[in-house]
Amino acid sequence: MKNIKKLEQYLRSIETYFKTGFCALIMISVVYSSINTSYTSHISFYNKKLNDFIIMVLSTIGENKNYALFLDYTGLNTGYGFFSPNVSSDLLITHNLFTNGTSRLILSNSEFKTKEGASRFANLNSVYMAKIEAIENKKEIDTLKSRYLEVILKRLSKYQLNKDSKVDSVRTDLYLYHFPLLVEYPEMKSKFIPVESHTKIR
Amino acid sequence: MKVIQRLGKYFSQHFIDFSNVETNFVPVFRISIGIILLFHFIAVINDFELLYGMDGIIPTDLQTIYQDSRIILVDEVIGSFDKITGSHANSILLFKISYILLSILIILGFFSRFSALLLLVLQVSLVKAGYYYSYGADFFASMSLFYIMLLPSDNYWSLRKLIFKSNRTQSYNVVHRTLQIHLMIAYFVSGIEKLSGFNWRNGESVWKAVHLPNFTNDFELDFNWLSEYPWVFVALGWTTIIIELLYPLFISLKKTRIAWLYLTISLHLGIALTLNLYFFSAYMITWNLAAFYFIKQQE
């Protein structure tokens, strides 16, 4: 009986140590992720030069594969920016479906039966912000990344072709949605700025 | 020594006693998170096949090209279910049933820590396989499940306690304190980042946010007429900055804790109303209540 009680106490103390250890790890991870995402988004937004030392420290920590796996599984690798330092513009993807000379225009997320599904799918569009930032900063986007983004657009076109056998071709267009600034409204109107276009023929 | 004593007395008079917390926060956190997880999954269940897996619109291998290959993805989970069910369609159904069942076990408090562990594997398998579809709510879902694993989640208001009649008590102060500090850091960092963004200071960020086309406006609220009163957007921007930036201070003071808590909850209700981020707001409100509502009142 005494041994069982002692064992129970021992196991409880181990549990306490583990819990405390995990909590300490959570705190470290929150601080790390906050600094990592805040610093990189601030530098990116203001187009400043990265500090080599800070990047080296952040990269060294982030490159530890086991730690990165822990962050992935706990969701602790998220930033807490919440639309900071700026609200990003929205991108829209449309499909023009051509059938026997007629065309029908749909949004890329019009497939979805649920609002949550449509909203989630629309998040995909933000992956193309890399292109917008490259254009704005007059920089070349990484070739591999550019081709990867192209593959995604082509995949969307292919899906539309496969879905409806009557469709002869699909033109997929990527637009940057610009709503006028508060100072510009109402003189200026909202506009869709074309960024990229791909046509897939059956 | 006297200075330290005076400081200690000052802090105990004006700041909340972080360790003096009601046990109710544990079941409230567990049950609320379980309900949000359940409804968040049900909200997308009819589009599951379009979003996730190799048969989705954007297949898993295309979405996970830059990811750690050690993460278990939804395709692997469903593939392992194929051995039980014998068909892919039934495996997807089993995945959905498992997700819903685990959420219900968490709500009921029946081996909720183990259920949270299993649900975390399923939830992350979806988030990583549908990487481009994930957003803030998904990360808070993962973190919430991890906190449920660390808390003595079955010790209060639980089916397990009802059946097994256990009187076992476990400490939760360290985990609760971690949750509090986690929130303080999150809001402070958010406030700092917003303060550094000039569009938050001049109202343009709020104006832009309420006009984003991908955040559909369920209530069809028209904000255009407010363009004649630009100070409204400037005020909203600065209010958001102040609520977030000063959160760690005012949520810790006895006199301002409840007021700041309600201000923060109002902020999230406003986000839910205007940007329709219902689930994200629900997670944040739950975290705030669990962390700072159940502090015992002191003289």
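This tour moves through a predicted model, going from the interface of chain A and chain B to the two domains of chain B.

Begin by selecting chain A and chain B together, where 68 residues of chain A are in contact with 80 residues of chain B, and where the area buried between the two chains is about 6800 Å², with carbon and sulfur atoms giving 63% of it. On the chain A side, pick out Tyr73(A), Arg120(A) and Leu182(A), which lose the most area to chain B and together make up 13% of what that side buries.

Next, display the side chains of Asp72(A) and Lys128(B), which meet in a salt bridge at 3.1 Å, N to O; across this interface the rule finds three salt bridges, along with 40 residue pairs in polar contact. Then colour the elements of chain A that give two or more residues to this side, namely α1 (2-46), α3 (65-74), β1 (90-99), α4 (115-122) and α6 (143-163), of which α1(A) gives the most, with 16 residues.

Now turn to chain B and select domain 1 (16-167) and domain 2 (171-299), whose centres, taken over C-alpha atoms, are separated by 26 Å. Here 32 residues of domain 1 are in contact with 30 residues of domain 2, and the buried area is about 3000 Å², of which carbon and sulfur atoms give 75%. Within domain 1, select Ile16(B), Phe18(B) and Tyr147(B), which lose the most area to domain 2, together 26% of what that side buries.

Between these domains the rule finds zero salt bridges, while the count of residue pairs in polar contact is five. Finish on α2 (25-42) and α8 (136-150) of chain B, the elements that give two or more residues to the domain 1 side, where α2(B) gives the most, with ten residues.

Conventions
Residues numbered from 1 in each chain as written. Chains lettered and ligands numbered in written order. Predicted model: local features only at pLDDT ≥ 70, side-chain atom pairs only at ≥ 80, totals over all residues. Heavy atoms only, no water. Contact = heavy atoms within 4.5 Å. Buried area = accessible area lost by both parts, 1.4 Å probe. Salt bridge = Lys/Arg side-chain N within 4 Å of Asp/Glu carboxyl O. Polar contact = N/O pair within 3.5 Å; in protein donor to acceptor, adjacent residues only side chain to side chain. Helix = DSSP H or I, 4+ residues; strand = E, 2+ residues; numbered from the N terminus. Domains from an automatic or database assignment.
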